[in-house]
Amino acid sequence: MRATLEARRDLGPEYETALIESFVSRLDATIAQRVHTEMHLAGVRGALPRKAGNPSVPIALGSMGFGIPLTAIAAAEAGSAGLLLAWGGIVAINVAHALSRRRERD
């Protein structure tokens, strides 16, 4: 996160979208690797069956869980610009999820 914020300072706001996409991509890869490792250590093989229910609840709770520490880090390190960048990413993830759910229903 710090490297992304420092790169934004160096490159300027015109590269903000590319930096956010790069950060989210790296974060996604890191999370996927951790999940894979934990599943391997737990002896889980293959994909787990999908549970019925509303997948929006874990997305919302995850956003809140990530939002609290990201708010503190971003505000302390980069001020308002970092805060907007952090919450902009969280909002983008939630909007993308909502749009994908809408397409699935149609």
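Let's start at Pro55, which is partly exposed, with 34% relative accessible area. This is a predicted model, so take everything below as computed from that prediction. Pro55 sits in the loop between H2 and H3. Leaving aside residues up to four places away in sequence, Pro55 touches His97 and Arg101.

What does His97 touch, if residues up to four places away in sequence are not counted? The list is Pro55, Ser56 and Ile59, so the contact with Pro55 shows up from this side too. His97 belongs to helix H3, which spans residues 56–105. Is His97 buried or exposed? With a relative accessibility of 17%, His97 falls under the 20% cut-off and therefore counts as buried.

Met64 is also a residue of helix H3, but Met64 is exposed, because its relative accessible area of 52% is over the 50% mark. Along the chain, Met64 and Ile90 are 26 residues apart, and 8.9 Å separates their C-alpha atoms.

| Residue | Relative accessible area | Class |
|---|---|---|
| Pro55 | 34% | partly exposed |
| His97 | 17% | buried |
| Met64 | 52% | exposed |

**How H1 meets H2**

Over at the other helices, H1 covers residues 2–11 and H2 covers residues 16–42. For H1 and H2, the axes come within 10 Å and cross at roughly 165°. That angle is over 145 degrees, so H1 and H2 are roughly antiparallel to each other. Their crossing is right-handed.

Which residues make the contact? H1 brings Thr4, Ala7, Arg8 and Leu11, while H2 supplies Glu16, Leu19, Phe23 and Arg26. Sorted by class, the H1 contact with H2 has 4 nonpolar, 1 polar and 3 charged residues.

**The chain as a whole**

Stepping back, the chain has 3 helices and 0 strands. Read from the N terminus, its elements go α-α-α. Buried residues, His97 being one of them, account for 14% of the 106 residues in the chain. The accessible surface of the chain is about 8200 Å², and 62% of that belongs to carbon and sulfur atoms.

Note on methods
Residues numbered from 1 in each chain as written. Predicted model: local features only at pLDDT ≥ 70, side-chain atom pairs only at ≥ 80, totals over all residues. Heavy atoms only, no water. Axes fitted to C-alpha atoms, helices over the stretch in contact; angles between N-to-C directions. Helix = DSSP H or I, 4+ residues; strand = E, 2+ residues; numbered from the N terminus. Parallel < 35°, antiparallel > 145°, perpendicular 65-115°, else oblique. Left-handed = near helix turned anticlockwise from the far one by under 90°. Contact = heavy atoms within 4.5 Å. Nonpolar A, V, L, I, M, F, W, Y, C, P; charged D, E, K, R; others polar. Buried < 20%, exposed > 50% of the residue type's maximum accessible area, 1.4 Å probe, protein only. Areas by Shrake-Rupley, 256 points an atom, 1.4 Å probe, with all protein chains shown as cover.
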